[in-house]
Amino acid sequence: MNRWILHVDMDAFYASIEQRDHPEFRGRPVVVGADPRQGFGRGVVAACSYEARKFGIHSALPIGQAYRKCPDAIFVRPDMAKYKEVSRHLRMIFAEITDLVEPISIDEAFLDVSALVQGPEAAVRLARDLKQRIRSGEELTASIGIGPSKFVAKIASDLRKPDGLLLIRPREVLQFLDPLPVSRLWGVGPKTGERLSKMGVTTIRQLRQIDAETLRQRFGKMGNHLSRLANGIDDRPVVVERQVKSISQEHTFSVDTDDRKQMDAALAKMSDKVASRLNEADLLARTVCLKLRYGNFRTLTRQVTLRRPTMDGKEILGIVRRLLDRQLQPGAKVRLLGVRAALLRPRRSGSQFSLLF
């Protein structure tokens, strides 16, 4: 039996919700992030509408640059509670289709519908029905890729945004992948892409023509991964429940600061939030990490692995303060601080923990 995997990716999720809730925003460039006219240009773009993308605005772009690219854009502060509630509603819609749902972020998920459909036409009908349920239930659009693997379905949805639907049959996988740039492969970032380019490899077809042993010699275990994906091989199942890998909080100062009291106050607030989330999920952390970004955007991360895991906010705060003591350059101004807890495990033996707490 062929596998049929859907990758559902909401279109410009945060910005689309704001346009839905504010009809006057529709058809206009919307940027979700700090308001540069009130927040002095701090922070980065969390999301933006497709109208804003025409001006070169994208996620993670400094908000000041977004303003310079489109000063007439509508800048909206994020409302994460609202976005999470919409995400919860979407997962309820997914659950009406199948129990095999793997959320991979707040606005996208994999669905395994192999047992529900007999062939590609039925998979397309089901995907269209799902798109209609999302549109009628949440007044939002989604792009859906359908393929025999998670990897192929993900690329298919990316290539048909916004409000798209693309089916890739098993026999079409290699033809579909061949012309695509190697950057489409999971794990191929700028450095790996540069190494492949020096080998004369820029497309997936060119990568597939290199034997697996050569790739293993050049890239180690990563070479085997690249070879499998270039050949369209991805046997990973849809995992219904995923474990949390880390819990984090970040704070961007409204003005770059060298005031240690201000930094300590931010660390205290973030440590308390991280500890609260650990306690809510009944988790312990073995690693505590500090993120430090200077005014020139130079970013450092430093971490400590504990002998005894913790969920205590005061202990987390003490650790990140000591890490800041060691890393902070005298007189340097800081733009952002972050606190992260990782290497998580359940506090009680046998406890289950999920991405969806």
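This report describes the overall dimensions and the nonpolar cores of a predicted model.

The protein holds 13 helices and 12 strands. Its radius of gyration is 23 Å, close to the 21 Å given by the globule rule for 357 residues, so the protein is as compact as a globular protein of that length. Of the 357 residues, 48% count as buried. Where contacts join residues at least 6 apart in sequence, 67% of them link residues at least 24 apart.

Whole-protein values are collected here.

| Property of the protein | Value |
|---|---|
| Span of the C-alpha trace along the principal axes | about 60 × 55 × 50 Å |
| Accessible surface | about 18,300 Å² |
| Share of accessible surface from carbon and sulfur atoms | 48% |
| Distance between the centres of the positive and negative side-chain sets | 6 Å |

In soluble globular proteins, nonpolar side chains tend to be buried together. The largest nonpolar core here has 38 residues, and the members touching the most others are Phe-13, Phe-94, Leu-111, Leu-130, Ile-134 and Ile-146. At least two core residues come from each of strands S1 (5–10), S2 (30–32), S4 (74–76), S6 (108–112) and S7 (142–147), and likewise from each of helices H1 (13–21), H4 (80–97) and H5 (120–138). The largest contribution is that of H5, with 7 residues.

Beyond its neighbours within four places in sequence, Phe-94 contacts Val-8, Val-101, Ala-109, Leu-111, Leu-130 and Ile-134.

Definitions and conventions: Residues numbered from 1 in each chain as written. Predicted model: local features only at pLDDT ≥ 70, side-chain atom pairs only at ≥ 80, totals over all residues. Heavy atoms only, no water. Core = buried A, V, L, I, M, F, W, Y, C linked by side-chain atoms within 4.5 Å. Buried < 20%, exposed > 50% of the residue type's maximum accessible area, 1.4 Å probe, protein only. Helix = DSSP H or I, 4+ residues; strand = E, 2+ residues; numbered from the N terminus. Contact = heavy atoms within 4.5 Å. Rg over C-alpha atoms; globule rule 2.2 N^0.38 Å. Areas by Shrake-Rupley, 256 points an atom, 1.4 Å probe, with all protein chains shown as cover. Lys, Arg positive; Asp, Glu negative; His and termini not counted. Charge placed at Lys NZ, Arg CZ, Asp CG, Glu CD.
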